[in-house]
Amino acid sequence: MIMPITKQEKKSFCQTTRVAMPMKDGLRFILIEDIYYCQSNGNFVTLHLKNGKSFIASKSMKKMEELLTAHYFFRIHHQYLVNTAEIVQYEKGDGGNITL
């Protein structure tokens with residue numbers, strides 16, 4: 001069950017929390033709260049950020065899930081891990097549908 005979080009809880013927990021993402025040419029340090037969602041791409045993950053940019057990290061989806069689950073991320077599909085603070089709506093149906 002996903003519990004709603006307050007803006008203050010999100011701010012205090014995520015605002016200063018950064019992760020180092022391995023890239024082909026080094027590491028990129030990212031604020032966790034800036035990650036909109038992650039999309040699996042084989043042994044790599046495409047990170048989609050709130051500013052509209054995306055990039056490929058040399059990390060498996062399983063490793064991303066282990067890293068981000070404690071930060072209010074939820075694996076909604078084998079290919080997608082989403083920031084639950086960004087979910088606007090869930091629609092029932094064949095497999096369900098979310099709006100970010």
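**Pairs, a helix side and a core**

Tutor: Let's start with Ile-35, which stands opposite Leu-49 in S4. This is a predicted model, in which local features need pLDDT of at least 70, side-chain atom pairs count only at pLDDT 80 or more, and totals for chains, interfaces and linings use all residues. Residues are numbered from 1 along each chain as its sequence is written, and side-chain values use heavy atoms, with hydrogens and water left out.

Student: What makes S3 and S4 a pair?

Tutor: Two strands pair if DSSP finds at least two bridges between them. S3 and S4 run antiparallel and are joined by 6 bridges, so they meet that definition. Strands here are DSSP E runs of at least two residues, and helices are H or I runs of at least four, numbered from the N terminus.

Student: How do you know which side of H2 its buried residues are on?

Tutor: Helix H2 (residues 61–68) has Met-61, Met-64 and Leu-68 as its buried residues. They cover an arc of only 60° around the axis, which puts them on the same side of H2. The arc is that of the directions from the helix axis to the C-beta atoms, and buried means under 20% relative accessible area (1.4 Å probe, protein chains only).

Student: Why is something called a nonpolar core?

Tutor: Because it is a set of buried Ala, Val, Leu, Ile, Met, Phe, Trp, Tyr and Cys residues joined through side-chain atoms within 4.5 Å. The largest one has 17 residues, and Ile-35 and Met-64 are among those touching the most other members. Elements giving two or more residues to this core include S3 and H2.

Methods: Buried means under 20% relative accessible area, exposed over 50%, partly exposed in between (1.4 Å probe, protein chains only).
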